[in-house]
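Visitor: Could you walk me through this structure, one question at a time?

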Amino acid sequence: MRFPLALSLRIARHIIVNKLKGVRKFPLVLQLEPLHTCNLTCTGCGRIREYSTSLKDVMSLEDCLRSAVECDAPMVSICGGEPTIYPFIEELVHGLLQQRRIVYICTNSARMRQKMLDWLARTYSPATEPKLAALLAAGLITEKEASEIRKGKNDHKPSIAPTQWMYWNVHVDGLERTHDLIVERKGVFKECIAAIKMAKLLAYQVATNATVFKETDMQEIEHLLDYLSSLGVDGFTISPGYDYDAAKLDMVKRGKGKPEDFFLTRKLTQEKFKNVVAWGKKYPLFGTPAYLEFLAGQRDLHCTAWAIPTRNIAGWKAPCYLMTDAHYRTYREMLEKVDWDKYGVFNGVVRDPRCENCMTHCGYEPTVSLGIDTQPGDLWKMLKYNFGPRPKGCRDASHVHAFNGVSAGPGRATNEPSAIRQKLAEREAAAAVAAGQGNAGGCGAHP
Ligand code: SF4
Ligand code: SF4
């Protein structure tokens with residue numbers, strides 16, 4: 001099966017119970033942002049600048065757990081910012097699991113290995129030794145780290161332990177060169193891969209999330225899926241990157257180029273995602289078959305942003321994860337006060353100009369699961385997708401040169417801090433060569 005049976009059943013039960021009760025609008029996934037601070041400054045991320053990024057500005061643990069109870073979505077995606085920086089992340093995960101939620105920790109991986117080391121130390125016993133031996137043999141921990149684990153850790157904190165109810169959801173936008181350019185820091189891809197390998201060795205569930213931008217080479221994304229599935233990654237999300245307000249403003253403010261050179265339009269999204277339905281059969285892509293068809297431009301869907309609400313320090317963010325028109329005190333108040341018909345695009349009618357190029361998960365993925373815009377055959381496709389055999393992905397990824405950036409040598413590209421500036425420079429240099437005005441190599445290619 002594509003997803004563990006217990007998880008699929010829990011989500012199906014939530015939908016059926018709400019439908020039987022006649023509830024018209026209800027949530028499927030809560031996007032919980034306990035903080036907006038991050039240890040990276042990725043190109044195109046407006047989140048860390050839309051809100052204050054001070055570590056003092058965090059949601060209290062009680063507020064986080066209360067929000068999950070209040071909206072009662074079966075899945076909670078802890079995002080941000082970087083959630084592993086949140087001082088009570090272990091307590092939060094523990095509390096959500098106690099509430100019987102399915103938990104995703106969306107991370108850039110920088111602190112993921114430390115969290116797993118903490119779990120090993122807090123639960124150390126002689127039975128841990130084979131795990132330590134395997135991690136040492138794979139070069140995923142050092143002898144010093146193994147010794148620290150053996151000392152144990154008695155701080156009376158819960159740990160983030162492997163369970164079928166929790167996924168590490170690691171942000172990986174491409175192979176090494178591309179990913180490190182986008183996150184604007186060398187070595188991040190290498191750390192992601194080490195953390196993923198360690199997590200799989202310790203029997204955690206791991207998903208990854210890649211955002212596709214205008215410059216993204218879709219063959220590289222296919223190679224990335226080959227490579228990650230060969231590491232045993234359990235599921236993938238691929239999202240279209242579009243120029244939502246905060247990201248656009250950030251890019252202009254930081255002088256990182258023009259948003260139209262980086263983000264996707266609706267038409268370009270459909271072009272980039274034209275093979276995504278076939279990929280859904282080959283790789284364990286998360287989502288629904290209808291959403292994949294929507295991305296590929298094969299059908300239209302209404303935006304149902306109320307089904308994937310965002311809660312952060314300012315309140316319930318409306319209308320969606322990407323756009324902010326207001327914050328509300330409660331999920332119910334947001335549901336009632338927002339005029340949801342003002343948003344989205346349907347049958348070519350753009351209801352809000354800011355929605356024009358949006359085809360993102362948080363707006364459109366839940367639509368058909370909620371029984372909206374269904375077509376004959378959708379139910380069968382969904383059952384087959386979720387309960388059929390799990391796509392195998394790629395077992396042997398020897399054709400993929402995953403480490404094609406800084407670890408392959410001090411390449412020009414990975415010495416450049418900005419993905420946007422790099423891409424623009426390459427394009428300008430190529431144009432100059434074509435016009436007989438210069439050469440594409442050397443430092444003159446950089447603006
Ligand atoms: S995209 Fe994620 S990892 Fe990157 S800066 Fe934004 S919050 Fe941090
Ligand atoms: S289409 Fe929906 S999810 Fe997308 S920006 Fe508009 S309101 Fe938000």
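Visitor: Why is strand β4 described as largely enclosed by the rest of the structure?

Guide: This is a predicted model, in which local features need pLDDT of at least 70 and side-chain atom pairs count only at pLDDT 80 or more, while totals for chains, interfaces and linings use all residues. Residues are numbered from 1 along each chain as its sequence is written, and chains are lettered from A and ligands numbered from 1 in the order in which they are written. A residue is buried if 20 or more other C-beta atoms, placed from the backbone, lie within 10 Å of its own, and strands are DSSP runs (E, at least two residues), numbered from the N terminus. Strand β4, residues 166-171, is largely enclosed because the number of its residues that are buried is 6 of the 6.

Visitor: Which residues of β4 are buried on one side and which on the other?

Guide: In a regular strand the side chains alternate between the two faces of the sheet. In β4 both faces are covered, with Met166, Trp168 and Val170 buried on one side, and on the other Tyr167, Asn169 and His171.

Visitor: Which residue in β5 stands opposite valine 170?

Guide: Two strands pair if DSSP finds at least two bridges between them, and β4 and strand β5 (residues 205-212) pair in the parallel sense over 5 bridges. Opposite valine 170, the residue in β5 is threonine 208.

Visitor: Is valine 368 buried or exposed?

Guide: Valine 368 lies in the loop between α17 (361-364) and α18 (378-387), where helices are DSSP runs of H or I with at least four residues. Since valine 368 has 25 C-beta neighbours inside 10 Å, it counts as buried.

Conventions
A residue is buried if 20 or more other C-beta atoms lie within 10 Å of its own, exposed if 12 or fewer, and partly exposed in between; C-beta atoms are placed from the backbone.
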